[in-house]
Amino acid sequence: MTTLPTAIVTGGAQGIGKATARRLLEKGMNVAIADVDEEAGRETVLEYEGFGNIRFIPCDVSDDAQVRRLIDDAVGEFRGIDALVNNAGISRFKPLDEATLQDWNAVIGTNLTGAFLCSKYAAPYLRDSRGAIVNIASTRALMSEPNTEAYAASKGGIVALTHALAVSLGPHVRVNCICPGWIELGEWKKKSARKIPRHTEQDRQQHPAGRVGVPNDIAALVDYLLSPDAGFITGANFVVDGGMTRKMIYAE
Ligand code: NDP
């Protein structure tokens, strides 16, 4: 299988993005991690430079000028872009009465506008390389708890943005989406925020798969969707949640 040479992973300094960066490095790709957290970005580069060619590019994906610079820097460093993983995301859960327009714009800005901007400016290079995009949404695109309007809407937007991009950028660029469920990040944070994961039996048992997810559950599918083996898959959404959204729940 041919390996794609260069990937940009947004939000790649921690969590799911960090696990994805590692996996792609181990596949032989160059990886640019684009993140607002400079402490985490520097740490991740130090931790992973033994695995391959990794570069941290500070970038707020909600900012047009910073995304343009990200793409220019990545192309300048690696001569092209073959894969884009739109993973950067934030959540602000607040009751509807308390949520401000600023809260709404912050969440939509990072989670949805960020994916739009990165895709828009990476598209010319992805067309040249016949590359691929993977967007990270959430099972909250499909179901909700109370007080999660902005996050749910941003993730629903990502699912729709995925099929729109797949149609606009095909046949040269494939675009797919993953909806993760509960993914435990404790060990994948920067050192100052790292925690030992602790889950109850109830946490595990509410998943038909019998456990909470780990970042590599998502990174493995990103890796596959970027690879030529997934050449007939585009515009699709994959739920990776240990079966949680398939479990029927009746109130007691
Ligand atoms: P993390 O918070 O562990 O990592 C996200 C990284 O993105 C952080 O380093 C964060 O920096 C950075 N970031 C935040 N805002 C921006 C921005 N505007 N531009 C660039 N980087 C930014 O998150 P996860 O690994 O949990 O999340 C990754 C993706 O997966 C997100 O889109 C999230 O919504 C989604 N997801 C996660 C689930 C989970 O259970 N963990 C479940 C479903 C979906 P900082 O820490 O400084 O904010």
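The text below covers the ligand, then the pocket and cavities, then the backbone.

The model is predicted: local features need pLDDT of at least 70, side-chain atom pairs count only at pLDDT 80 or more, and totals for chains, interfaces and linings use all residues. Residues are numbered from 1 along each chain as its sequence is written, and side-chain values use heavy atoms, with hydrogens and water left out.

**Ligand**

The shell around the ligand has 26 residues, of which Ile 16, Asn 87, Tyr 151, Lys 155 and Lys 189 come nearest; a residue is near a molecule if one of its heavy atoms lies within 4 Å of it. Helix H1 (15-26) and helix H5 (149-169) each give at least two residues to this shell. Helices (H or I, at least four residues) and strands (E, at least two) are DSSP runs, numbered from the N terminus. By class, the shell holds 13 nonpolar, eight polar and five charged residues. Here Ala, Val, Leu, Ile, Met, Phe, Trp, Tyr, Cys and Pro count as nonpolar, Asp, Glu, Lys and Arg as charged, and the others, Gly among them, as polar.

| Protein atom | Ligand atom | Distance |
|---|---|---|
| Val 36, polar backbone atom | nitrogen | 3.3 Å |
| Asp 37, polar side-chain atom | oxygen | 3.3 Å |
| Asp 60, polar side-chain atom | nitrogen | 2.9 Å |

On its own the ligand has 890 Å² of accessible area, and the protein covers 84% of that; the areas come from the Shrake-Rupley method with a 1.4 Å probe.

**Pocket and cavities**

The ligand sits in the largest pocket, meaning that more than half of its atoms lie within 2 Å of the grid points. On a 1 Å grid over the protein atoms alone, a pocket is an open set of points with protein on both sides within 12 Å along at least five of seven lines, a cavity is a set where a 1.4 Å probe fits but cannot get out, and lining residues have an atom within 4 Å of a point.

The volume of the largest pocket is about 1200 Å³, a volume being the space filled by probe spheres set on grid points that are joined across faces, edges and corners. Its lining has 43 residues, and Ile 16, Ser 138, Tyr 151, Gly 181 and Leu 185 lie nearest the centre. H1 supplies the largest share of this lining, three residues. The lining of the largest pocket divides into 18 nonpolar, 16 polar and nine charged residues.

Two cavities of 30 Å³ or more are found in the whole structure. The second largest cavity holds about 50 Å³ of space. It is lined by 13 residues, with Asn 86, Asn 87, Ala 88, Thr 110 and Asn 111 closest to its centre. Helix H4 (101-129) and H5 are the elements that give two or more residues to this lining, and the largest share, five residues, comes from H4.

**Backbone**

Most residues other than glycine have a negative phi, and most peptide bonds are trans. Gly 170 and Pro 171 are joined by a cis peptide bond, with omega about 0°. Pro 171 is in the loop between H5 and strand E6 (174-180). Arg 79 has a positive phi, near 75°, and is placed in the loop between helix H3 (64-78) and strand E4 (83-86).

How values were computed. A polar contact is a pair of N or O atoms within 3.5 Å; within protein, one must be able to donate a hydrogen and the other to accept it, and residues adjacent in sequence count only if both atoms are side-chain atoms.
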